[in-house]
Amino acid sequence: MAQKLFVGGLAFSTSNERLREVFSEAGQVESAVVVTDRDTGRSRGFGFVEMATLEEAEQAITKFNGQEVDGRRLQVEKAKEAGAGGGRAGGRSGGGFGGGRRASGGGGRW
């Protein structure tokens, strides 16, 4: 069963192909994607690699977590499933318009 890994600390010059090349040293890479900014198209410095098996994923974590690649020290860990932890799901979202009906303190009717 494939296992997705989070890879942080990527050099901004690291491409999808380079990420795949590096992680293929630990086993079969199903996919490798560097996350980019949707407005500029530039790397955001992290990505995801999907290894073919759990064993290969664990080997990749052991091999690359804390190692320097393209001049940057990588952070490699199992990716969290979407919606698991983080974000605002299930909790109070904060912000918004609390209190009375009027957005401003001025008088008058609505």
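This is a tutorial dialogue about reading the features of a predicted model.

Trainee: Let's start with the overall layout. How many helices and strands are there in the chain?

Mentor: The chain has 2 helices and 6 strands. Along the sequence they follow the pattern β-α-β-β-α-β-β-β. Please keep in mind that this is a predicted model.

Trainee: How much of the chain counts as buried?

Mentor: Of the 110 residues, 26% count as buried. As for contacts with a separation of 6 or more, 59% of them come from residues 24 or more positions apart.

Trainee: Now a helix. Which residues of helix 1 are buried?

Mentor: First, the general idea: an α-helix has 3.6 residues a turn, so residues three or four places apart point the same way. In this structure, the buried residues of helix 1 are Leu 19, Val 22 and Phe 23. They cover an arc of only 90 degrees around the axis, which puts them on the same side of helix 1.

Trainee: What covers the buried residues of helix 1?

Mentor: The cover includes strand 1, strand 2 (29-36), strand 3 (43-51), helix 2 (54-64), strand 4 and strand 6 (75-78). Leaving aside residues up to four places away in sequence, Phe 23 touches Leu 5, Val 7, Val 29, Val 49, Met 51, Ala 60, Phe 64, Leu 74 and Val 76.

Trainee: And the core? Which residues of the largest nonpolar core touch the most other members?

Mentor: In soluble globular proteins, nonpolar side chains tend to be buried together. Here the largest nonpolar core has 18 residues, and those touching the most other members are Val 7, Leu 19, Phe 23, Val 49, Met 51, Phe 64 and Leu 74. Strand 1, helix 1, strand 2, strand 3 and helix 2 each give two or more residues to this core.

Trainee: Next, aromatic rings. How many aromatic pairs does the structure hold?

Mentor: A pair of aromatic rings is described by the distance of the centres and the angle of the planes. This structure holds 4 aromatic pairs. One of them joins Phe 6 and Phe 48, edge-to-face, at 5.9 Å centre to centre with 70 degrees between the planes. That pair links distant parts of the chain, since Phe 6 lies in strand 1 and Phe 48 in strand 3, 42 residues apart.

Trainee: How are the rings of Phe 46 and Phe 48 arranged?

Mentor: Their centres are 6.2 Å apart and their planes at 85 degrees, so this pair is edge-to-face. Phe 6, Phe 46 and Phe 48 form one aromatic cluster.

Trainee: Is Phe 48 buried or partly exposed?

Mentor: Phe 48 is partly exposed, with a relative accessible area of 28%. Phe 46 is partly exposed too, at 22%.

Trainee: What sits over the ring of Phe 48?

Mentor: The charged end of Lys 4 does, 5.4 Å from the ring centre. In another case, the charged end of Arg 72 sits over the ring of Phe 12, 5.9 Å from its centre.

Trainee: Last, a polar contact. Which side chain does Thr 14 join?

Mentor: The side chain of Thr 14 makes a polar contact of 3.0 Å with that of Asp 70. Thr 14 is in the loop between strand 1 (3-8) and helix 1 (16-23), and is buried, with a relative accessible area of 8%. Asp 70 is in the loop between strand 4 (68-69) and strand 5 (72-73), and is partly exposed, at 35%. Asp 70 also has a positive phi of about 55 degrees although it is not a glycine.

Note on methods: Residues are numbered from 1 along each chain as its sequence is written. This is a predicted model: local features need pLDDT of at least 70, side-chain atom pairs count only at pLDDT 80 or more; totals for chains, interfaces and linings use all residues. Side-chain values use heavy atoms; hydrogens and water are left out. Helices (H or I, at least four residues) and strands (E, at least two) are DSSP runs, numbered from the N terminus. Buried means under 20% relative accessible area, exposed over 50%, partly exposed in between (1.4 Å probe, protein chains only). A polar contact is a pair of N or O atoms within 3.5 Å; within protein, one must be able to donate a hydrogen and the other to accept it, and residues adjacent in sequence count only if both atoms are side-chain atoms. The arc is that of the directions from the helix axis to the C-beta atoms. Contact means heavy atoms within 4.5 Å. Rings of Phe, Tyr and Trp (its six-membered ring) pair if their centres lie within 6.5 Å; planes under 30 degrees apart count as stacked, over 60 as edge-to-face and the rest as tilted. A charge sits over a ring if NZ of Lys or CZ of Arg is within 6 Å of the ring centre and within 35 degrees of the ring normal. A nonpolar core is a set of buried Ala, Val, Leu, Ile, Met, Phe, Trp, Tyr and Cys residues joined through side-chain atoms within 4.5 Å.
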